[in-house]
Amino acid sequence: MAPHPPPDPPPLALVDAAKSFGMVRALRGVSLDLRAGEIHGLCGENGAGKSTLVALLAGVHQPDAGHIEIDGAPVALSGPAAAQRAGVAVIYQEPTLFPDLSVAENIFMGRQPLRGGRRIDRRAMRTATAELFARLGVRIDPDRPARGLSIADQQLVEIAKALSFDARVLVMDEPTAALSGVEVRRLFAVARALRGNGAAILFISHRFDEVFALCDRITVMRDGGHVGTGRAADLTVDAVVRQMVGRDIATLYPERTPAPGAPVLEVEELGRRGVFSGVGFTVRAGEVVALAGLVGAGRSEVVRAVFGIDRYDSGTVAVNGRPLPPNRPAAAMAAGVGLVPEDRRQQGLVMELSVERNATLTRRWALSRFGLLRRGAEASAAAGWLGRLRVKAGDTAAPVATLSGGNQQKVVLAKWLAGEPAVLIVDEPTRGIDVGTKAEVHRLLSELAGQGIAVLMVSSELPEVLGMADRVLVMHEGRITAELHRDDATEEAVMFAATGQHAGGTAPGGPPPEAAR
Amino acid sequence: MSAGSGTGASAPVAEHGGGDVRGARRLRQVRELGILLALALIVAATAVANPGFLSGQSIRDLLLSATLLTILAVGQTLVIVTRSVDLSVGSVLGLAAFATGTLFAAFPGLPVAVAVLAGVALGAVCGAVNGALVAVARVPALVVTLGTLYAFRGVDYWWAAGTQINAADMPASFLGLGRTAVLGVPVPALVALAVVLAAGWYLASYRSGRELYAIGSEPHAARLSGIPVDRRIFAAFVVNGALAGLAGVLYAARFGTLDATVGTGLELQVVAAAVVGGVAIFGGSGTVYGAALGAVLLTTIGSALPVLRVSGFWQQAVVGLLILVAIGMDRILAVRAARRLRGGGPDGT
C-alpha cells in the first residue's frame, strides 16, 4: 500500500483489520499506517467505517481479524487504558466530558499531578490546564465545571486533554465540527507543532479544505473498505470525492413517474438557536423529497422540530395550508403527519410489546371500547397493513424485538400508514437493514408517494437519496445549502453542498484557498 | 472557513466559556449552608420551647444517636456518587451487630479490637457480594441491593434463630465504648467524625476518589478515559459494607441488646440523609460532609419533635417534606448555576 516504506516502523499501524457488529460489516480488511512526523487524513462518507476504525485504535473495540502494530510489533489494545499507555490519544467526535467536574479535572482525570502521599496537586493541575489553554489560545477557567460549556468549548477541552498526554499518536475524529475559523487555525498550528516534534496524527474531517490544508497523506474509505492512500500533493478534492463515492448508483431503485400535486408540508424560516436556521422547504403530494447532508448537519433536528418533538425558536410549519402549533406531536399526528424516527429501537417501537400492538399504537383509541383495547380489533387492524407491507413475522403476538431490522422498520411504517397520513417523514429509513429488505422499503416509499402521500426522507446514503428523491435538499451546518432537482442531483453535487462548498462556485480540482501553507 | 461561533476573528486570545463561574460556585456552597441553617433553626426553636434540649447530656445523646446514621450516610455517599445505591446497609448493620455479640458470647475474653475488626470484615464481605453483583454481573444496584437486603436479613434470622444477645454476654470494656467520652464527646461520635473527615479527604484528594465522581457523572466517558470503572464501583461497595459493619459494632456496644431485627428499615433513612445533604441521586456530585450534615439534621428532627410535643406520626411527614424541599432546592440551584455558567446573567437580580 505504501509506496515508500519508511526506515522506522510506524508508531501505529492497523493491519488487515476487520470488525463486524452483528450482521453489519463495519470494517473489512483495512490497513493504515500512521508515521512519525506525519499528518494522515482519513475521508469517507457517513458509515464508511471511520468511527469504527477510531474505536479500534482507541482500544474501545478489538478487531475480529487483523491486528494493530505499535512500532512494528503486534499488540492487543484491551481497552482505552491500554491504548493510552501505548501513547495513543483520541479526540472523539462527540465530546466525552464529566459535566459535574471541573475543566481541569476533566483534562487530567486519572492522571492528575500528584504531590506527597499521592495526593492530587490541585495547584499544579490548574497551572498545567491554564498552560494547555494558552497553547490553544483560548481562555477557559480551569475551575469551572464542564456543565454549561458550549459544544465548541467542550471540543477545546477535549483537544487540551489530548495534548496533555504528550501522545506519540493523536487521533482526531472530526475535531473541527463545532469550531470557529480562529479556533481551527490554532488547532492546526498545534497539530503542525506536534508533527514537528515527531508525533503521528490521524485527522478525520468532512471538510476537504481542512484535510488538504493539514494532511501529508490521505486515505479514503468506502463501505468499510480501504479505497486508496495517496500523498495529498498528488490528490485533488475531486479525486477524493470520486473515491469516496465510487460505486455505481444501484439500479434497484423503483422507477417512478412523479406527479407532484398541491403543496402539503410547508416549512418557512424554521430556526433553532445553535442548531439550524432559516430552513424553508415545501413537500408536495406524491413527491419524495430527500434531506441530505452529513451527520450533525441538523437534518434529524429539523424533522423532529417539524413533527413537534423538539422546540424551535422561529419560523412556521403548515400542513395542507393550516399552521401546526409548535411542540405538539399529537397535533402533528392529527394533521396527518407521521414520523419514522432514525432510531427505531429507541424511538420507533416498544420492543417488548407484540408486533400487532406496535403496529396499531397510533390508533389505540379507535380500537378500544370503554377505554379498553380490544385484542381482536387490534389483531385484525394490524393484519391488514402487516400483510400489505409483507412483514415476515412468525407470530404477530410475539414481541417486535424478535423481528429482523428490516421487518421492524416495516412495522414502524405500518403503524403510521394505519393512520392514513398526508405527510410521512422518514429518518434514515434503511439504516442497518439488509440489502433485500432495503429494496422493499424503497419500493414501499415509492408506492406511498404514488398514492399521493408527501414523503420527506432524511438519508445519509447518497445512492438512496439519488435513487429515491424527486428533489434533494442538502444541509450543511444547520442551513440548507442546495436544492437540487432530480436531474441535477449527482453524487458530486450533493457531496460538495454537504461539505459546505459550492458545486458550481469553486473551480473543480483547484486547490481550496486554505491549501497553501 | 467555517461558520464561526461568534468569536472575534482578530482577537489574539478568545474569551471562552464565559458566564459567572464564581457565582455558580457560590451557589453550590449555599447548599451545605442551607442545611446548617435548618439545623440551627430547629435547635434554636426547640431550645426556646424547652431549654433542657441544650443540656450537655441531651447533646451527648443526640450526637450518639446521629453516629450510626452519619457513618452509614458516608458509606452510602461513596456508592451514590458512582450512580449506584446500596439498600442493604440496614441488614448488613444488623448482621454485623449480631455477629459481634455472638463472638463475645462464644469467646468472652476476646480483645475488643478483634471483635471490631471482625464486624467490619463481615460488613466488607457483604459489600463485596453487592459490589461483585453490580460491577461484574452488571445488574442494576437498586435490584441487587434490594435482593441482598432480604438475603442478609434472612441469614441474620437463620443465625439468630429467635435468640437474643444481652449486655451480660458482652465484656464491660466493649459496652463502655458507647459510654465513655473524650472531652465530653462520646467515643462513637469521634469515630464518626474521623470517618467523615477521612472519607471527605480521600474523595477530594486522591485520584481514585475523583474517579468515583467521574464514573457517576458520565459512565461512558469514564470508560473511554481508561478508568477501571468496575473495580472502582466494587471498591465503593466494599468500603460501604465495611462502614455498615463498623456501624453494626457500634450499635452492639451502645445498645447491648441484639436480635435479628436490628437495623431494620435503616436503609431508607440513610439514603434520605444523603439526599437531604445534597448528594445527587444520579451520581457525580455531593460531599460526605453534606451527607453527614443531612444525617445530623434528620436525627435532630427526630429528637426535637417529641420535645416540641409534636406527635410521632408527624415525624415521617416532616422527613418526607424535608427530602422534597432538599430536592427542590437542588433543582433550583442547578438551574441557576447552569444559567450563570452559560453566561445568561444572574436571572434578573
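Contact here means heavy atoms within 4.5 Å. With that in hand, let's look at B:V187: leaving aside its neighbours within four places in sequence, B:V187 is in contact with B:L177, B:T180, B:A181 and B:V182. This is a predicted model, where local features need pLDDT of at least 70, side-chain atom pairs count only at pLDDT 80 or more, and totals for chains, interfaces and linings use all residues. Residues are numbered from 1 along each chain as its sequence is written, chains are lettered from A and ligands numbered from 1 in the order in which they are written, and side-chain values use heavy atoms, with hydrogens and water left out.

**Where B:V187 sits**
- You'll find B:V187 in helix α7 (residues 187-205) of chain B; helices are DSSP runs of H or I, at least four residues, numbered from the N terminus.
- Between the C-alpha atoms of B:V187 and B:L37 there are 26 Å, and the two residues are 150 apart along the chain.

**Aromatic rings**
- Searching the whole structure turns up 7 aromatic pairs over all chains. Rings of Phe, Tyr and Trp (its six-membered ring) pair if their centres lie within 6.5 Å; planes under 30 degrees apart count as stacked, over 60 as edge-to-face and the rest as tilted.
- One of these pairs is A:F307 with A:W416, edge-to-face at 5.8 Å centre to centre and 85° between the planes.
- That pair links distant parts of the chain, 109 residues apart: A:F307 is in helix α9 (residues 299-307) of chain A and A:W416 in helix α14 (residues 405-417) of chain A.
- A:F307 counts as buried at 4% relative accessibility, and A:W416 is buried too, at 10%. Buried means under 20% relative accessible area, exposed over 50%, partly exposed in between (1.4 Å probe, protein chains only).
- Over in chain B, the rings of B:Y251 and B:F255 have centres 4.5 Å apart and planes at 40°, so this pair is tilted.
- Both B:Y251 and B:F255 belong to helix α10 (residues 229-255) of chain B, sitting 4 residues apart, about one turn of the helix.
- B:F255 counts as partly exposed, at 39% relative accessibility.
- B:W201, B:Y202 and B:Y206 are joined into a cluster by ring pairs.

**Domains of chain A**
- Chain A splits into domain 1 (36-63 + 76-97 + 157-245), domain 2 (100-148) and domain 3 (263-498), with bounds from an automatic or database domain assignment.
- The centres of domain 1 and domain 3 of chain A, taken over C-alpha atoms, are 34 Å apart.
- Their contact takes 11 residues from domain 1 of chain A and 10 residues from domain 3 of chain A.

Technical notes:
Helices (H or I, at least four residues) and strands (E, at least two) are DSSP runs, numbered from the N terminus.
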